[in-house]
Amino acid sequence: EIECINLYLEVFQELQLEGFSIQINHRKILAGLAKLIGQEDKLIPLTVALDKLDKIGKEKVEQEMLENGITTESIQKIQPLFRIKGDFNEQLQQLEELFKGVDIAISGIEDVKFIYKQVMASSDISVPFHLDVTLARGLDYYTGSILEVNAPQKVGIGSIGGGGRYDDLTGVFGLKDLSGMGISF
């Protein structure tokens, strides 16, 4: 993950692209969210809806959740997610507070924290990191970190890259137990 993020940074620096941002999330945080609300069986519809937040807004996301059998009580439990603010470290602290006692989510937060610290320590390029707990791209196969790179806001085209960790995607092709991490531009 660290090498892939540094690759993004180097390429965008070489292209003199300023104003881009890197969003990061983790599959374990999303699984922890489903556990927190007591609806582990609704992980996919929950995350598919959350992933649309920036496109359709909070009200329509909540409506989609209801249509997929996620209870009103469960939706109320995730409301703190919509209020997470501050810099990257402050957001991590707020997540740790929200997920107290949800071990899988805490494990994902620790992974994200490690990636963030390592990238910050290994790069002399300013890293525009954002924690985005609604990011769920390719959830069927991502097993760890999930990344998305957004173009500068003034460009208005959204995502210009993305990727994540997939620990058994190669198993679909007959090559079992081969962990991987991939990104695209």
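## Helix 2 against helix 3

Helix 2 covers residues 27–36, and helix 3 covers residues 43–50. Their axes come within 10 Å and cross at roughly 115°. Angles of 65 to 115 degrees count as roughly perpendicular, so helix 2 is roughly perpendicular to helix 3. The crossing of these two helices is right-handed. This is a predicted model.

Which residues of helix 2 meet helix 3? They are Arg27, Leu30, Ala31, Leu33 and Ala34. On the helix 3 side, the partners are Leu43, Leu46, Thr47 and Leu50. Sorted by class, the contact of helix 2 with helix 3 has seven nonpolar residues, one polar and one charged.

## Helix 2 against helix 8

Helix 2 has another helix partner. Helix 8 spans residues 103–122. The axes of helix 2 and helix 8 come within 7 Å. They cross at roughly 155°. Angles over 145 degrees count as roughly antiparallel, and therefore helix 2 is roughly antiparallel to helix 8.

Is the crossing of helix 2 and helix 8 left-handed or right-handed? The crossing is left-handed. Helix 2 brings Lys28, Ile29, Ala31 and Gly32 to this contact. Helix 8 answers with Ile104, Ala105, Ser107, Gly108, Ile109, Asp111 and Val112. Together these residues divide into six nonpolar, three polar and two charged.

## Helix 3 against helix 5

Helix 3 also packs with helix 5, which holds residues 58–67. The angle is about 165°, and the axes are 9 Å apart. Because of that angle, helix 3 is roughly antiparallel to helix 5. Helix 3 passes helix 5 in a right-handed crossing.

Leu46, Val48, Ala49 and Leu50 of helix 3 make the contact with Val61, Glu64 and Met65 of helix 5. By class, this contact has six nonpolar, no polar and one charged residues.

What is the order of the strands in the open sheet? Its five strands run in the order 2-1-3-4-5, with mixed pairing. Strand 2 (129–131) and strand 5 (180–184) are the edge strands, and each pairs on one side only. From one strand to the next, the twist averages 20°.

Strand 1 (residues 21–26) and strand 3 (residues 145–150) run antiparallel and are joined by six bridges. Within that pairing, His26 has Ser145 of strand 3 as its bridge partner. Strand 3 then pairs with strand 4 (residues 159–166) in the antiparallel sense, over five bridges. Glu148 stands opposite Gly162 in strand 4. How many bridges link strand 4 and strand 5? There are five, and the pairing is antiparallel. Gly163 stands opposite Ile183 in strand 5.

## Helices on the sheet

Return to the pairing of strand 1 with strand 3, which has six bridges. Helix 2 packs on the sheet and touches both strand 1 and strand 3. The direction of helix 2 makes about 55° with that of strand 1.

Helix 7 (residues 88–98) packs on the sheet as well. Which strands does helix 7 touch? They are strand 1 and strand 2. The direction of helix 7 makes about 15° with that of strand 2.

## The whole chain

How many helices and strands does the protein chain have? It has eight helices and five strands. From the N terminus on, the elements run α-β-α-α-α-α-α-α-α-β-β-β-β. The radius of gyration of the protein chain is 16 Å, close to the 16 Å that the globule rule gives for 185 residues, so the chain is as compact as a globular protein of that length. Along its principal axes, the C-alpha trace spans about 50 × 45 × 30 Å.

Note on methods: Residues are numbered from 1 along each chain as its sequence is written. This is a predicted model: local features need pLDDT of at least 70, side-chain atom pairs count only at pLDDT 80 or more; totals for chains, interfaces and linings use all residues. Side-chain values use heavy atoms; hydrogens and water are left out. Axes are lines fitted to C-alpha atoms, for helices over the stretch in contact, and angles run from 0 to 180 degrees between N-to-C directions. Helices (H or I, at least four residues) and strands (E, at least two) are DSSP runs, numbered from the N terminus. Angles under 35 degrees count as roughly parallel, over 145 as roughly antiparallel, 65 to 115 as roughly perpendicular and the rest as oblique. A crossing is left-handed if the near helix is turned anticlockwise from the far one by less than a right angle, and right-handed if clockwise. Contact means heavy atoms within 4.5 Å. Ala, Val, Leu, Ile, Met, Phe, Trp, Tyr, Cys and Pro count as nonpolar, Asp, Glu, Lys and Arg as charged, and the others, Gly among them, as polar. Two strands pair if DSSP finds at least two bridges between them. The radius of gyration is taken over C-alpha atoms; the globule rule is 2.2 Å times the number of residues to the power 0.38.
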